[in-house]
Amino acid sequence: MTNLLEVRNLTRSFGGLIAVNDVSFSLRGGRITALIGPNGAGKTTCFNLVAGALRTTSGQVFFEGRAIENRRPEDVCRMGIARTFQIVRPMRDMTVLENAMVGAFSWTTSVNDARDIAYDSLESVGLANKAHAKTDQLTLPDRKMLETAKALSTRPKLLLLDEVMAGLRPTEAAGVVRVLQKLTENGLTILLVEHVMRIVMEVASTVVVLHHGAKIAEGSPADVVADSKVLESYLGAGFHA
Amino acid sequence: MPKKFNEATDQKRWIAGAGVFVILALVGFLSNSYVISLMTIVLLFTFMGQSWNLMLGIGGQLSIGHSLFVGLGAYSVAVLNIKYGISPWIGLVVGLTIAGFVGALLAWLSFRFEVRGIYFALLTIAAAEFARIMFSGWEFVGGMQGMFFQAPTGKTDILMLRGDARFYYFVALGVAAIGVLGTELISRSYLGYVWRAMRDDDEAARALGVRTFRHKIIVISISAGSAAVGGGILALVQGSIFPDSIMGMGISVDVLIGPVVGGLGTAFGPFVGSLAAIPLNHTMSAIGDSLGIPGLNNIAYGIILILVVWVLPDGIWPAIVRLYRSIPPLPRLKISQPRKVEE
């Protein structure tokens, strides 16, 4: 397996604060990688740097071997990296289906093609039966899945998910996990920013741990959990794997 | 898969639209000249309102200086026709091109330097006022004295777009129909989807691959170009143009009042809004003149705007649609219960 995404020495500072400090990691295709860390560890900043929503201070991001740092978010998306937002952002007075169609227009101008792919996207996240509902009628887990469906319609190779499971009940989160596993079975690569530890351990094949903007560990969930630095900084004394 | 889910409502919409068009055509044949000239103005502002509506209601970009584009269209037609005897058809195309280009340039400059939202709206006012002052001092286009078209002979000449009031009524009806149809087609095409996404959330749209910078320029350019077509026809209908009236703030307000009152982002809103606002404006203006209260029409404008924003914040047209949908299939009598006496 080659590296789909390679992040090298990524750094971003806001004034005197270094939010992401010299972080390097790489993603292998067809896997789920999780980016974890306590609040303010720089996970979302890292995410935004990859997605082009923020400019880097230094460092490189390579996607399929091409440098993509500091490109515009719409261009990053068109290259095959789709993202979701931590705060769900459905478009008002558009139906669920119409919301899911927008992303498709990054590769087609045909409304019919867009509708087809939007159905497929909704189907793969289990929302096809609510295609014609208004977005404000959706429950929180459904809205989170709509965000994922919107991103899927852009036909990404890499999906960046920002806390899709935050605020969900365990049973709802389990449903999301199944959806994500299904997506990777179809060849999609996923980078997950997540707080819910138990779920990260369950779905991720690799975990990257950030703390104060720096990477402190990387490896399989089991390895990371055994790492004393991680236990100390992030999981605290209360966590037992 | 239930793809063609909205075919039934679609059909109803087309029938309703065609019905309105037929009624308006009948109005053109049957009404007296006062109603016809008033309705001509209503239809022209429907069209211009539609162009403004495309920009804000679908594209999410606010312009309070649409008089700039209206004026450019009017002057293109007037200068070419009055100075060189060139057909207004060509004037309309020239006006559309110039205004489309100016709109695109304004948008490019503005968004290139991150001037967005309300600041962009202020910039449109500044640009419109700049153009008005420039045209006021430009002798070649008549300066403050304006320009006058040749008095109409009453003979209909389609090539030179000349004719009587009824002729202009049908020209206005034609462009208004094109405006409504065009808006409908655009909002159903991929442009409609990506523009609405951009309107609702610029950042989220970009994350879905929408090139919002480019799309803002496109929507503003199309809006500007079509406003110019309306302006060119308005100039012909009025027979004369003056920088203060055709490029003044008043035109910008007249253009936006239709869609705001009628319903932002809807295909029929600008028509319903113009139909409510413009006759009111004219009537109040006439009453004001006879009572010796100039500016009564502006007060009426203010009041109707406040009322609509207060009572029907979505505009008149969405309220009509809601009302229509709320009518049950069979009329049922509501029997009012006698009030319970509280103990």
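A nonpolar core is a set of buried Ala, Val, Leu, Ile, Met, Phe, Trp, Tyr and Cys residues joined through C-beta atoms within 7 Å. In this predicted model, the largest such core has 167 residues, and those touching the most other members are A:Leu122, A:Leu160, B:Val70, B:Ala172 and B:Val194. Helix H2 of chain B, spanning residues 33-58, gives the most to this core, with 14 residues.

In chain B, B:Val70 is in contact, beyond its neighbours within four places in sequence, with B:Met48, B:Ala227, B:Ala228, B:Gly230, B:Gly231, B:Leu234, B:Ile246, B:Ile251 and B:Val255.

In chain A, A:Leu160 belongs to strand E7(A), where A:Leu158, A:Leu160 and A:Asp162 lie on one side and A:Leu159 and A:Leu161 on the other. In a regular strand the side chains alternate between the two faces of the sheet. Both faces of E7(A) are covered. Because 5 of the 5 residues of this strand (residues 158-162) are buried, E7(A) is largely enclosed by the rest of the structure.

The partners of E7(A) may be taken in turn. Strand E6 of chain A (residues 81-83) pairs with E7(A) in the parallel sense over 3 bridges, and A:Arg83 stands opposite A:Leu160. Strand E8 of chain A (residues 189-193) is also parallel to E7(A), with 5 bridges between the two; here A:Asp162 stands opposite A:Val193. Helix H6 of chain A (residues 170-185) forms a right-handed β-α-β unit together with E7(A) and E8(A).

Chain A also contains an open sheet of 4 strands with antiparallel pairing, in the order E2-E1-E4-E5. Strand E2 (17-28) and strand E5 (66-67) stand at its edges, each with a single partner strand, so one side of each is left without a neighbour in the sheet. Strands of a sheet pair through backbone hydrogen bonds, either parallel or antiparallel.

Methods. Residues are numbered from 1 along each chain as its sequence is written. Chains are lettered from A and ligands numbered from 1 in the order in which they are written. This is a predicted model: local features need pLDDT of at least 70, side-chain atom pairs count only at pLDDT 80 or more; totals for chains, interfaces and linings use all residues. Two strands pair if DSSP finds at least two bridges between them. A residue is buried if 20 or more other C-beta atoms lie within 10 Å of its own, exposed if 12 or fewer, and partly exposed in between; C-beta atoms are placed from the backbone. A crossover is right-handed if, with the strands pointing away from the viewer, the path from the first strand over the helix to the second runs clockwise. Two residues are in contact if their C-beta atoms, placed from the backbone, lie within 7 Å.
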